[in-house]
Amino acid sequence: MEKQKHGLSKYTGAAWLMILPFLLFFVVTILIPTLMSLYFSFASIGDKIDFIGLKNFIAVFKDPLFLQSYANTFIFMIGSIPITIFLSLLFAVLLNLPHVHGQGFFRTSYYLPAVTSVVAVASVFLTFYNPTGLLNNVVTHLGGQPIPWLTDPFWARISIIIISIWLNIGFYTVMFLAGLQNISSEIYESAEIDGASKMRQFFSITIPSLKPVILLGVILSTINGLGAFETPNILFKNSYGPENSAVTVGVNLYKTSFELVDYGKASAIAWTMVIVAVILSLIQFKIGGKRNDA
Amino acid sequence: MTRKHRLNAIIVYAVLIIGMIIFIAPYVYMILAATQNNEVILGKNPFFGFGNYFLKNLQEVQKDYQYTQVLLNSVIITVIGTTISTVITTLAGYVLAKYRFRGGNLIFYLVMIARMVPQFALIIPTFYILSRMNLTNTYTGVILPSLASTTSVFMMRQYAMDFPTELMESARIDGASEFMIFRRIAVPVLQPAILTTGLLTFMGYWNAYLFPLIILSDPKKFTVPLVIQNMTQNTYKSLNYGALMSVLATSVVPIVILYILLQRKFRSNNVASAIK
């Protein structure tokens, strides 16, 4: 033990040297900005920076747009997460069936949205949502009235939810597939021997085993949802959407900092986001356990 | 019984194929629409074939945005950023996995905590620092903020944990220096992991929107996503959807090809839980 310790300390210099470049950038571009951002949230920022206590946070919580941005995020989650999880689970279970061919091929095609620029995806859908675009073309051909995709608050939210579902299914499918492949086949075999039906096996073995993965998915979606910016920014051309229906925490933060140029208030908004993200991550750590980190 | 099996198989494949069409159709549409004009794209009778407007659309984008320069900007930023980031995060992940030293745990905990802080929290101070250093509207300004990717370090550390310590020890007996062990033994063994994290970083830079949006205001320095933003939000000129589609294709196609090529070396299950 002693010898090993001594032996390893010989390499400390080399270790530090190899980690140094990362450490340097980490401190300068992440650690210091994080601390600055925290300080900014308690400050008024003009020619000089003055500490003003909780004033920014008080202003933020009194701002109807701020409350609306959290409400919208919540609406988007309720609208998209259950459908996303249901469809991904369906695809993952089907792909995991023993005699399905072309698993890799299907998986790759489902995963494409996850590697594609969100700005590009939002722009394609912007074209689909055009008053005389492809979607309304289909609707009118079927005898329906054109849908006000981007001009009506209800449909504006639906438009965002559709994109979010389309973007996330592949990522979730791959995640669930990995989760399914981690369940040992012995459990199913002994259930088979006990005479459990396939349906029963699915609800008593598969779903409970996937619980940590589902939880991870919900939490990641929520954290990403708070920062959602590309989709609303492209669809609603840098506005808040009809009747503020598309303002997310990210949109509000961006506009507060770079259009209203109120860095203090924007930093306070950012830190409400940090607090929510940290709480959710801690919940995930606690319930999901370490197994999911790998 | 076999009939029932066959029916089941048909239903399974039907669902999987419908899924595939839903995910691939927008890409196909993007490429087809890049060759068409607004009359067809927004007309009553959409046409799902190639039109004759591809060159015209490209010329328009080139004229309005000097698009070749934009592509060059994106390539320079992505290649330099990915290279530096991959080197420093691979080294860091490897060291955090394989060396016990004073401060090592502290660094790891800081990285883990930083992973929870959303990018949005950093945009204001980052913009503040970069503008004081006169780095707005420069490649450096766009590359710098994303170099120290905590996700990459975390992933590389996870992968490097499996790298056998015995290999390092026998190399030490043969007199290899620590850096030599990294360069000659660890890098080749960890190559698939390095490619995976590298591809993620590449995607991050190529698709980046938020940081370039706040850092670049000079159209000569624009990257591809900024041109997309400009086209869709231009109030002076009505949007030519065909031209927009040709830009989208240049944004999407390189990544899709790269992803498919590297797909076999891609450890998708790890990637899935690491993207955050």
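Chain A has a radius of gyration of 24 Å, whereas a compact globule of 294 residues would have one near 19 Å. The model is predicted. Along its principal axes, the C-alpha trace of chain A spans about 80 × 75 × 30 Å. The secondary structure of this chain comprises 13 helices and two strands.

Burial and contacts in chain A were examined next. Of its 294 residues, 52% count as buried. Contacts were considered between residues at least 6 apart in sequence. Of these contacts in chain A, 66% join residues at least 24 apart. Chain A carries 17 positive and 14 negative charges.

Aromatic pairs were searched for in the whole structure. The search finds 38 of them over all chains. One pair in chain A joins Phe125(A) and Phe128(A), with ring centres 5.5 Å apart. The planes of these two rings stand at 80 degrees, so the pair is edge-to-face, as angles over 60 degrees count as edge-to-face. Both residues belong to helix α6 of chain A, which covers residues 118–128. They are three residues apart, about one turn of the helix. Phe125(A) and Phe128(A) are both buried.

Two residues of chain B were examined individually. Asn73(B) lies in helix α4, which runs over residues 67–98 of chain B. Its relative accessibility is 0%, so Asn73(B) counts as buried, the cut-off being under 20%. Neighbours within four places in sequence were left aside for the contacts of Asn73(B). On that basis, Asn73(B) is in contact with Tyr139(B), Lys220(B), Lys221(B) and Phe222(B).

Ala249(B) lies in helix α14 of chain B, residues 241–262. This alanine has a relative accessible area of 14% and is therefore buried. Residues up to four places away in sequence were again not counted for Ala249(B). With these excluded, Ala249(B) touches Met30(B) and Pro254(B). The separation of Ala249(B) from Pro145(B) was also computed. These two residues are 104 residues apart in sequence. In space, Ala249(B) and Pro145(B) are 27 Å apart, C-alpha to C-alpha.

Notes:
Residues are numbered from 1 along each chain as its sequence is written. Chains are lettered from A and ligands numbered from 1 in the order in which they are written. This is a predicted model: local features need pLDDT of at least 70, side-chain atom pairs count only at pLDDT 80 or more; totals for chains, interfaces and linings use all residues. Side-chain values use heavy atoms; hydrogens and water are left out. Helices (H or I, at least four residues) and strands (E, at least two) are DSSP runs, numbered from the N terminus. The radius of gyration is taken over C-alpha atoms; the globule rule is 2.2 Å times the number of residues to the power 0.38. Buried means under 20% relative accessible area, exposed over 50%, partly exposed in between (1.4 Å probe, protein chains only). Contact means heavy atoms within 4.5 Å. Lys and Arg count as positive and Asp and Glu as negative; His and the chain ends are not counted. The place of a charge is taken as NZ of Lys, CZ of Arg, CG of Asp or CD of Glu. Rings of Phe, Tyr and Trp (its six-membered ring) pair if their centres lie within 6.5 Å; planes under 30 degrees apart count as stacked, over 60 as edge-to-face and the rest as tilted.
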